[in-house]
Number of protein chains: 2
Amino acid sequence: MNTVNLKQLAKELNLSVSTVSRALRDSWEISTPTKQRVFDLAKKMNFQPNPYASSLRKHRSRTIAVVIPEVANNFFALAIKGIETIAREKGYHVLIYLTNEDCGEEVSVAANLQSGRVDGVILSLSEQTRDVRHLLELQQRNVPLVFFDRVCDSIEAPKVVTNDYESGFVATEHLIKAGCRRIAHLTISMDLSISHKRMKGYTDGLLRYDLPFDEEMVIHCEDDEESIYRKIRALLSSEKRPDGIFASVEKLAVQVYHVCRELGLDIPKDVKVLGFSNLVTASLLNPALTTISQPAYEMGKEAATILFRRLEKKYIVVPDDRVILPARLEVRSSTI
Amino acid sequence: MNTVNLKQLAKELNLSVSTVSRALRDSWEISTPTKQRVFDLAKKMNFQPNPYASSLRKHRSRTIAVVIPEVANNFFALAIKGIETIAREKGYHVLIYLTNEDCGEEVSVAANLQSGRVDGVILSLSEQTRDVRHLLELQQRNVPLVFFDRVCDSIEAPKVVTNDYESGFVATEHLIKAGCRRIAHLTISMDLSISHKRMKGYTDGLLRYDLPFDEEMVIHCEDDEESIYRKIRALLSSEKRPDGIFASVEKLAVQVYHVCRELGLDIPKDVKVLGFSNLVTASLLNPALTTISQPAYEMGKEAATILFRRLEKKYIVVPDDRVILPARLEVRSSTI
């Protein structure tokens, strides 16, 4: 047995025992430079954690949790496949929790995950999440957290995202080049980082091509399906009907198709449609849907890889990593 | 405290203590009539279980597990929604486990669930599952089990299914009435009850209309996507090409569309296509897909309702319930 303990480490570093302890647990409360100092000295002095910390380090549940808003979206279904591919290699179980876009459920799931039920968490925020204390608490409890797609910029944790801003710009530019002059943007909650970035890509796209920004052309679709349907129907029935639609998520593009059919609008003649989507049937739709396809499977794999890197090398600081995997514009008949 | 114990109950019933104990835990090893005798007397004598049993009865995890083969299928995504609706009402968490159609993973998940991690399990079998000892063990460990869709007939447990035989018959009849004389059936593993029943509906449909059964028209699609693609392409490229296709699951119908497009075959002129499916885009495909739609959401709700009934009234015997929720034929342009 070694003889170095927390107290000695703390004395040597001129820090409190509690700070050293939290630094060793990679707590969010401790700054990265301080953690680095603590880890460096711990290594140098050959510090061995106590049995409790050691038992934590063994990650005995051999289970990770994936917390996502829904599964009816092909993006999340594919991301799960990617996560499972890595977890299977590592011999881990994957638990999937759905928040159904409800922050209360996300809070409740996070509380449930604090108990040591899982060794780590991969999460994509619910649409409603504003206050993120439940996630900070999870980190404080030493549960490593990796975000993907809908990430939280205010939490220091690894994040796997796509190039949302550039994709929003490319989508808008594509519609403009296809002849659209009045492009509507259908978005979900503006509390989400992805919504902000896709929307910024949209407004910058308009700006770049000297098209006016019209607030009425931004439709916020954060409610239940029925009211989303009504909003889209109102948009497409109005006198100032758009000639192009950029849907920021899959379900909104599908809803546009349904409404166009009801109203007898021809895609792409009357209105061109483009959506962020990983629909397996995108190319089989009538007409085939032009998409911005995120590398969902790869994003899942990457998020899991980062999480296991953390689980396996606990004392290596993982800073605020951000991995960006680019999405791809797939042009089909709905816009040309 | 009451004074009746297991020994007295056993003596009164002329059964072994172990039999009474297992009966009270609703073990699969004990016949239903015996369980009923034990429960009746236990109630009459005001038998109170011991603290261990009582702690089990409190269901302290307040969590149920849903074990399914995949989520990329809209049937399962909808079923989960139904299960979650009920679980939320009851204040329970839902953990979703994917087996990826792999029996080994199903065994591993079942072992993981024996530990008291969850209060009950809702399960749909993997394609590969033949030996079901892992599920019997789960029941022995007092973890209530409810099957849905892909059920196991040899295990005594509640089952929520659709009318697979009738639906298979109706699907085949519809294709025949639409003019098909050479109908292929694309099926997944014949180890699954649903495959058997849908196939029997198909063969009986042919018989009913005096059409010959041709073994070459039954395509077993249990492998990886690549080989499924090759089989479907071979079928549709052959000289004895079918004029109708009945796909027993969603992904096979989607694959048929892709292959038809590649081969330049016109649906429905060259070949009519019908599939079991809950695709939200079924009506938007080119051409719109005729489906047998299972009441997936309702099946999930029903399975969860039955499970909670078991969790809440532990001493009521739930026999081999089988709830059948009928599917619906939705005729669209792919067959007319």
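Reply: Start with Ala65(B), which stands opposite Val121(B) in E3(B). This is a predicted model: local features need pLDDT of at least 70, side-chain atom pairs count only at pLDDT 80 or more, and totals for chains, interfaces and linings use all residues. Residues are numbered from 1 along each chain as its sequence is written, while chains are lettered from A and ligands numbered from 1 in the order in which they are written.

Me: What makes strand E1 of chain B and E3(B) a pair?
Reply: E1 (residues 63–68) and E3(B) share four bridges in the parallel sense. Strands are DSSP runs of type E with at least two residues, helices are H or I runs of at least four, and both are numbered from the N terminus. Pairing takes at least two DSSP bridges, so E1(B) and E3(B) qualify. E3(B) also pairs with strand E4 (residues 145–148) of chain B, again parallel, over three bridges. There Ile122(B) stands opposite Val146(B).

Me: Why is strand E3 of chain B called covered on both faces?
Reply: Gly120(B) and Ile122(B) lie on one side, Val121(B) and Leu123(B) on the other, and all are buried. Buried means 20 or more other C-beta atoms within 10 Å of the residue's own (exposed is 12 or fewer, partly exposed is in between; C-beta atoms are placed from the backbone).

Me: Which residues touch the most other members of the largest nonpolar core?
Reply: Val121(A), Ile122(A), Val121(B) and Ile122(B), in a core of 174 residues. Such a core is a set of buried Ala, Val, Leu, Ile, Met, Phe, Trp, Tyr and Cys joined through C-beta atoms within 7 Å. Beyond four places away in sequence, Ile122(B) touches several residues, including Ile64(B), Phe148(B) and Leu307(B). In soluble globular proteins, nonpolar side chains tend to be buried together.

Me: How do you know which strands are the edges of the six-stranded sheet of chain A?
Reply: The order is E7-E6-E8-E9-E10-E12, an open sheet with mixed pairing. E7 (218–220) and E12 (328–330) each have a single partner strand, so one side of each is left without a neighbour in the sheet. From one strand to the next, the twist averages 15°. E6 (residues 183–187) runs parallel to E7(A), joined by three bridges. Here Thr187(A) stands opposite His220(A).

Me: Which helices pack on that sheet?
Reply: H9 (residues 193–208) of chain A touches E6 and E8 (244–247), at about 175° to E6(A). H11(A) touches E6, E8 and E9 (272–276), at about 155° to E9(A). Axes are lines fitted to C-alpha atoms, for helices over the stretch in contact; angles run from 0 to 180 degrees between N-to-C directions.

Me: What makes the relation between chain A and chain B a two-fold axis?
Reply: A rotation of 180° with 0.0 Å of shift along its axis superposes chain A on chain B, RMSD 0.2 Å. That is how a two-fold axis relates copies. The same surface serves both: 100% of the contact residues of chain A recur in chain B.

Me: How many residues of chain A are in contact with chain B?
Reply: 21 residues of chain A meet 21 of chain B. Contact means C-beta atoms, placed from the backbone, within 7 Å. E2(A) gives the largest share of the chain A side, five residues.

Technical notes
Contact = placed C-beta atoms within 7 Å. Least-squares fit on C-alpha atoms with pLDDT ≥ 70 in both.
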